[in-house]
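Subject: Structure for you to look at

Hello,

I am passing on a structure that you have not worked with before. Please open it first, then read the notes below.

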Amino acid sequence: MIDDKTRAELVEIAARYPEKRSGLLPMLHLVQSVEGRITPEGIDVCAELLDITAAEVSGVATFYTMYKRRPVGDYLVGVCTNTLCAVMGGDEIFERLKEHLDVGNDETTEDVPGLKNITLEHIECNAACDYAPVMMVNWEFMDNMTPQRATEVVDDLRAGTEVHSTRGPRLCTWREAERVLAGFPDGGAAEGPGAGPASLVGLEIAREHDWTAPPVDAPAAVGTGQSTGQSAESAVSQADTARAESETVEEQAPTGKPAQEKEEGK
């Protein structure tokens, strides 16, 4: 139920933005933190507070997969089944969890006294290919998973045992995580490492070779690698223009003969 406290917090979110309708995404996360999903009442309240239609709110809520139209359990477990994770074992992990939890994709375990509920879903990409196969719990990373480790994680979650993500904080419940996404921090942002070893390989190579990024106002090289005295912004602009002009010339060249061959044949 959207009570007075939640309504006041929705107003607070909308007030953070010059255009209050820009607050719709975090407002929907707050609705989920209270209702456990996106409800008709939540849609109507967001529409009312933002002076937009319920259809516009519903269009956003049905577009993004993070917004759920069915109740979510205490923990949302997502297994990446995109190409790299799949071949590294993601498909096997997903199948093992479906069997272990006796649920299908986007389904929630049955209520059992003393146990937390798990909602299981497959995810197209967790954007963490350097740690494949990857599983997420309430959007927190669980890296380098195996079927055995995945079942241990969900069993610990169901039993109420404290579990920490691989590169982040202690795992909270899904509703608690949704409140954080709405913009109400829980103080856990600094827990755990910010990045793992695989993500830092490029940084280590750069340090070994003493490579550094040029300052923003440094002269930019175009094409030949020579300095032209241009800013990075103007160099990019020129490169984009040159490419567009090149494509235009090629389009205007006689049929069957690219512009470059025509020039060389003079």
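Two strands are taken as a pair if DSSP finds at least two bridges between them. By that rule E2 and E3 pair, in the antiparallel sense and over two bridges. Please keep in mind that this is a predicted model.

The sheet

Five strands form an open sheet with mixed pairing, in the order E2-E3-E1-E4-E5. Strand E2 (107-108) and strand E5 (140-142) are the edge strands; each has a single partner strand, so one side of each is left without a neighbour in the sheet. In general, strands of a sheet pair through backbone hydrogen bonds, either parallel or antiparallel. Both senses occur here. E1 and E3 are joined in the parallel sense over six bridges, while strand E4 (residues 135-137) and E5 run in the antiparallel sense with three bridges. In that last pair, valine 137 lies opposite glutamate 140 of E5.

Helix H5 (residues 83-101) packs on the sheet, where it touches strand E1 (75-80), strand E3 (118-123) and E4. The direction of H5 makes about 145 degrees with that of E1.

Which residue of E3 is the bridge partner of valine 77? It is leucine 120. Leucine 120 is also the bridge partner of glutamate 107. Five of the six residues of E3 are buried, so this strand is largely enclosed by the rest of the structure.

The helices

In helix H3 (residues 40-50), the buried residues are Gly42, Ile43, Val45, Cys46, Ala47, Leu49 and Leu50. They pack against three other helices: helix H1 (4-14), helix H2 (24-35) and helix H4 (54-63). As a general point, an α-helix has 3.6 residues a turn, so residues three or four places apart point the same way. After H3 comes aspartate 51, with a positive phi near 55 degrees.

H2 also packs with helix H7 (residues 174-181), at an angle of about 155 degrees and with the axes 8 Å apart. Angles over 145 degrees count as roughly antiparallel, and H2 and H7 are therefore roughly antiparallel to each other. Their crossing is left-handed. On the H2 side the contact is made by Pro26, His29, Leu30, Gln32, Ser33, Val34 and Glu35. On the H7 side the residues are Trp174, Arg175, Glu178, Arg179 and Leu181.

Two loop residues

Proline 71 is in the loop between H4 and E1. Is proline 71 buried or exposed? Its relative accessibility is 59%, so it counts as exposed, the cut-off being over 50%. Proline 71 and glycine 36 are 35 residues apart in sequence, but 5.5 Å apart in space from C-alpha to C-alpha. Leaving aside neighbours within four places in sequence, proline 71 is in contact with Gly36, Arg37, Thr108 and Thr119.

Asparagine 117 sits in the loop between E2 and E3. Its relative accessibility is 12%, so asparagine 117 counts as buried, which here means under 20%. The side chains of asparagine 117 and threonine 109 are joined by a polar contact of 3.3 Å. Not counting residues up to four places away in sequence, asparagine 117 touches Gly73, Asp74, Tyr75, Thr108, Thr109, Glu110, Asp111 and Arg158.

Regards

Conventions. Residues numbered from 1 in each chain as written. Predicted model: local features only at pLDDT ≥ 70, side-chain atom pairs only at ≥ 80, totals over all residues. Heavy atoms only, no water. Helix = DSSP H or I, 4+ residues; strand = E, 2+ residues; numbered from the N terminus. Contact = heavy atoms within 4.5 Å. Axes fitted to C-alpha atoms, helices over the stretch in contact; angles between N-to-C directions. Buried < 20%, exposed > 50% of the residue type's maximum accessible area, 1.4 Å probe, protein only. Polar contact = N/O pair within 3.5 Å; in protein donor to acceptor, adjacent residues only side chain to side chain. Parallel < 35°, antiparallel > 145°, perpendicular 65-115°, else oblique. Left-handed = near helix turned anticlockwise from the far one by under 90°.
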